[in-house]
Amino acid sequence: MKILAITQARYGSTRLPAKILKEVDGTTLLEIHLRRILRSSAISKLKIATTAEEGSRYIIEVADKVGVEYFQGSVDDVLARFYGTAADEHPDYVVRLTSDCPLIDAGIIDDVINYAINSDCDYVRTDPASYPDGLDTEVFKFSALVQAYEQAKLTSEREHVTPYIWKNGSAEGGTLFKSHKLQNKEGDYNANDYRITIDEPEDFEVLKALIQALGIDKSWKSYIDYLEEHPEIKGKNSKFGYNEGYTKSINNDKNIE
């Protein structure tokens, strides 16, 4: 069984340019992100889906440092870029991660993978209502990715890789894919109260505080517990919503000719 993990990483960002290359004590958030993924016991290989835009060479430098392969593709058609990263590998399952989640957790990655395999689901994701923002993990069969690549026609479906799959999944009332949203069982958290992603300057303040206090090897629950114990840090980025980029895409959605 081949499990290919792919993380999206690009230099450009509307709200916070070069955000994943910001450093904490000399280490980029991207390197932290990659090394935390590589702690997964279930993945067979990790690759970066990046672009050819100016600045991508810095991402490639980090990839080379960590020993991770990369693929350069479209800036706007992220689904095509993602498919291009996976196509030559012919995996059984694909894990979709995003580099704006530097404290992604290998335990969660393994849980989602194992659930997908054991349940024979086409698509499994962490439930965003159950897990704090910054732990987003999606696992799907390569055949589902191929189908999305060939059939997705809305710009929002091309810009965000998986909407075609999850919208047509059984967890959302669809019929094309067997899908599931995995619930967090490790604590009674209001997911909207915590944010350990990187999109805004305030997000970096929170991540820097967490990494400097606890290091880069703790479980996700340790970081969330620290925020609970330090409300002055937790409150720095609490005003921002979940997945604002997808909301913006929906508001500007159109069919691709």
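Modeller: Start with what is hidden: Val78, Leu79, Arg81, Phe82, Gly84, Thr85, Ala86 and Ala87 of H3 are buried. That is eight of the 10 residues in H3, so the helix is mostly covered. Keep in mind that this is a predicted model.

Now look for a partner of H3. Two packed helices are described by the angle between their axes and the distance between the axes. H3 covers residues 78–87 and packs with H5, residues 142–151. Their angle is about 140°, and their axes are 10 Å apart. H3 is therefore oblique to H5. The cut-off matters here, because only angles over 145 degrees count as roughly antiparallel. The crossing of H3 with H5 is left-handed.

Which residues meet? From H3 come Leu79, Ala80, Phe82, Tyr83, Ala86 and Ala87. From H5 come Phe142, Leu145, Val146, Ala148 and Tyr149. Sort the residues of this contact by kind, and you get 11 nonpolar, no polar and no charged.

The largest nonpolar core has 53 residues. Ile43 and Val95 have the most contacts inside it. A second, separate core has 20 residues.

For a second pair, turn to H8 and H9. H8 spans residues 201–214 and H9 spans residues 220–229. They pack at about 110°, with axes 11 Å apart. That angle makes H8 roughly perpendicular to H9. H8 brings Val206, Leu210, Ala213 and Leu214 to the contact. H9 brings Ser222, Tyr223, Tyr226 and Leu227. By kind, the residues here are seven nonpolar, one polar and no charged.

Look at Ser222 in H9. Its relative accessible area is 29%, so Ser222 is partly exposed. Ser222 and Leu210 are 12 residues apart in sequence. In space, they are 9.5 Å apart, C-alpha to C-alpha.

Finish in the loops, with the backbone. Most residues other than glycine have a negative phi. Ala18 is not a glycine, yet its phi is positive, about 55°. Ala18 lies in the loop between E1 and strand E2 (23–24). With a relative accessible area of 17%, Ala18 is buried. Asp120 also has a positive phi, near 55°. Asp120 sits in the loop between H4 and strand E7 (123–126). Asp120 is partly exposed, at 46% relative accessibility.

Conventions. Residues numbered from 1 in each chain as written. Predicted model: local features only at pLDDT ≥ 70, side-chain atom pairs only at ≥ 80, totals over all residues. Heavy atoms only, no water. Axes fitted to C-alpha atoms, helices over the stretch in contact; angles between N-to-C directions. Helix = DSSP H or I, 4+ residues; strand = E, 2+ residues; numbered from the N terminus. Parallel < 35°, antiparallel > 145°, perpendicular 65-115°, else oblique. Left-handed = near helix turned anticlockwise from the far one by under 90°. Contact = heavy atoms within 4.5 Å. Nonpolar A, V, L, I, M, F, W, Y, C, P; charged D, E, K, R; others polar. Core = buried A, V, L, I, M, F, W, Y, C linked by side-chain atoms within 4.5 Å. Buried < 20%, exposed > 50% of the residue type's maximum accessible area, 1.4 Å probe, protein only.
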